[in-house]
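Hi everyone, thanks for making the time today. Let me put the structure up, and then I'll walk you through a few things.

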Amino acid sequence: MAKVRVATMWFSGCAGCHMSFLDIDETLIDLAGMIELYNSPLTDLKTFPEAGADVTLIEGAVANEEHLHLARVAREKSKIIVALGDCAVTGNVPSLRNGMDPDQMIEGIYGKPATSNGELPYEVVPHLLGRVRPLSEVIPVDYFLHGCPPPASLIAKAVLALVQGKTPELAGADLKFG
Amino acid sequence: MERQIHIEPVTRIEGHAKITVFLDASGDVRDAQFHVTELRGFEQFCVGRTLWEMPGLTARICGICPISHILASAKTCDAILAVQIPETAVLLRRLMNLGQIVQSHALSFFYLSAPDFLLGWDSDPATRNVIGLVAADPGLARKGIRLRAYGQEILARLGGKRIHPGWAVPGGVNQALSAPDRTWMVESLPEAISTTQEALALFKAKFGSKDDRTVLTEFPSMYMGLVRPDGAWEHYAGVLRLVDAKGKVVVAAHDPSRYFEILHEASEPWTYLKFPYYVPKGYPDGMYRVGPLGRVNACDRFATPLAQAELEEFRDRSGGRSGRVFDYHYARLIEILGSLEEIGELLADERITSPEIRAEAGVNAREGVGVHEAPRGTLIHHYWVDRNGIIEKANLIVSTGHNNLAMNRAVREIAKAYIKKGKVTEGMLNRIEGGIRAYDPCLSCSVHAVGHMPLVVDVVNAEGAVETTLARE
Amino acid sequence: MERITVKIDGRDIVTSPGRTILEVARENGIRIPTLCHLDGLSDVGACRLCIVDVRGQLVTACTTRVADKMEVLTATETVQAYRRTILELLFAEGNHICAFCVSNGGCELQDLACELGMHSVRVPYAFPRHRIDASHPRFLIDRDRCVLCGRCVRVCAEVEGARTWDFAERGSHARVITDLDVDWGDAASCTSCGKCVEVCPTGAIVRKGASNGEMRKRPEVVAGLKERRKHG
């Protein structure tokens, strides 16, 4: 059987969902035989393969211009998009900044007296969006994995189903947030 | 003609970053910058939340080291409650912190960094990752996975789940250690120690000499970490110590809750990560390093025998305190060993299963500071509350942040060492990234934010036109 | 005693008149999801989650009384779809971040997402930012987590009798208030009995000192009180 092309990305989150994925422990060894892991924070590949990805897991909310751009690229280049974890599904903790003005926020964090020299970071780094948004607000999403983070067993169940071309059965306790 | 090399994103680290290398007219490296590219704003959006939410809320700063934040937050809340937590609660929190150090260090070594030095800095980028490691050496990969799992299981059995457990609370912890869980931890400990010793042996066999370990540059700096009052390596309590490049004490035993007397932060327009610095030396001369190399250099010794023997050998092989960036990996392995030894001691302590684990109190102070050692360095939480327990202000100085000046220095030195006359190879770029990976940065933590971008290197000329593109596919 | 026959999901059930569809369904092991309903308090039909189909009309099971030959369908595709949308609107209207909530794992809203199969919220989130009122010495209210079920209002009026809680304003500005919209700590009528804490289905009204995932409510105390008071 041809190996399934998998990509993963993280936006505004904490990496906990990727860590929960790694919490499948030794099942990773079995999975390694079934997938080709392409662009991911865990690899050195930075762009999608020419043929695109079969399954892309995206962790984190959309919080800056770069995330917005990458989300759109991911949708274009992936057959299946999975919103991995509460930040991607609902906005979650990063969305607590909604309602604050990003420029005021930056002033408070980087200006004086928080720092001794008050240089505000506006060069080179991607600008914050006015509002942190769940992934499905910016691209169509195929599957949603709830949890902060989703338990490793849930991620394993979903990923193993997807790499075998099946529909993951997500119901009941699988849908618990938090 | 001035050129810039962009490395975007830096991968196999936690968080989002990119690197810019500036070349002068002859194609040699003039400067380099390490940009951390996202911001969530924890210090700001915590304002208005309640004290009792803070451990769970700040846990979400990081999914690799949530325990670090949960414990620092709980300590800060203890101070606001003005309570002395029961001694079993201290022991349990220590046990939790050590489990955290083991899993996080194992992740860094086996999953994130080992592909570079076990598969090769110049090996095929398509397989230079944890999956490639599984294929190339499944036996070692399995051991690494199980070592991380041991640490994670300590967290799950104490706190209910591996990532973001809601267990440490203001006043103590909310669940005692059960006898069966204690037994499991004791019985699984020998395998963890054996794996760590194997990893150390492998590391020393490949990189025993100083020269092997200079692959990612070396430079002098101060080093900072908590130590016990007698100078031994410490992770949960203790006093703040800074030493110079040779290990001579600069600050012997500073009260961690008064960190602001010696540490301030600066900012730059090209990164979301602030720059903590040692105040008497000013910015940017007040650079210091934290985390495994910082702690291992700042302490006198380990209080446990196996780690102490390794520390002595490390200093011997290095001719004293090491300033080699690559030696973060060496120090990291020694810390896993020391952590496992202390885990054994705690599990043997009769008090560890006591149900006396929580002190109850209301808001009794308007301000609190909680400091301890996260895997990546000294972690500081500082909250101000109103009399009802609502957060009025929060200041967080997070582990990797302390290393910002040093990470920038590493990137600059490594780039200078390898890139000459404008000639760049993929392997050189990987080594520059490797300089960052050695610090095992937790950028989500450090900026209290996360960012992400893919890696493409455009060599652009002064007019901004792209001359060559190196893309890692 | 008069007996009537009601058909629920195709099943004939004999019961007495004047009872609600919800009561009759529960007695007969038929699950209808609810949120604002609580045994021991009056029913108000506020949350709309208990809607059922009565001959093509959607009515709230908690407030609709059975009648002879009534035909009720509790789980048609339309009913289920509407319930899911109602739930999504509830989630979107507040700041229902479960991750660090003290009621995580003990919240009726969180449980409803699991029961009703809510995979995602398909309406834009409002991301409100109410100020947390922690002025009471023992309790606090986070209005971002309030679903306006009104259980606090009803328990305070009907069981404790203090009438501290009430609703203010309308539409998307509607909220619960203490006394004449003063801080809870300044609400002179409050007896600190804590019943509102026990009946609040989410992490909105909670006990101070409960940390992440520690808040566990006991809403069943209300029905217990009502029962014991019956017997003098």
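Let's start with B:Asp211, which sits in chain B, in the loop that runs between α7 (179-207) and β6 (222-227). Please keep in mind that this is a predicted model. Is B:Asp211 buried or exposed? The relative accessible area of B:Asp211 is 67%, and the cut-off for exposed is over 50%, so this residue counts as exposed. Now look across to B:Arg324: B:Asp211 and B:Arg324 are separated by 113 residues in sequence, yet their C-alpha atoms are 9.8 Å apart in space.

Now let's zoom out to chain B. Along the principal axes, the C-alpha atoms of chain B fill a box of roughly 65 × 50 × 40 Å.

What about the inside? Of the 473 residues in chain B, 69% count as buried. If you take the contacts in chain B between residues at least 6 apart in sequence, 70% of them join residues at least 24 apart.

As for charge, chain B carries 53 positive and 57 negative charges, and their mean positions are 1 Å apart.

Finally, confidence. The model scores ipTM 0.95 and pTM 0.94. For chain C, the average pLDDT is 96, and 100% of the residues score at least 70.

Key: Residues numbered from 1 in each chain as written. Chains lettered and ligands numbered in written order. Predicted model: local features only at pLDDT ≥ 70, side-chain atom pairs only at ≥ 80, totals over all residues. Heavy atoms only, no water. Buried < 20%, exposed > 50% of the residue type's maximum accessible area, 1.4 Å probe, protein only. Contact = heavy atoms within 4.5 Å. Lys, Arg positive; Asp, Glu negative; His and termini not counted. Charge placed at Lys NZ, Arg CZ, Asp CG, Glu CD. pLDDT = per-residue confidence, 0-100. Helix = DSSP H or I, 4+ residues; strand = E, 2+ residues; numbered from the N terminus.
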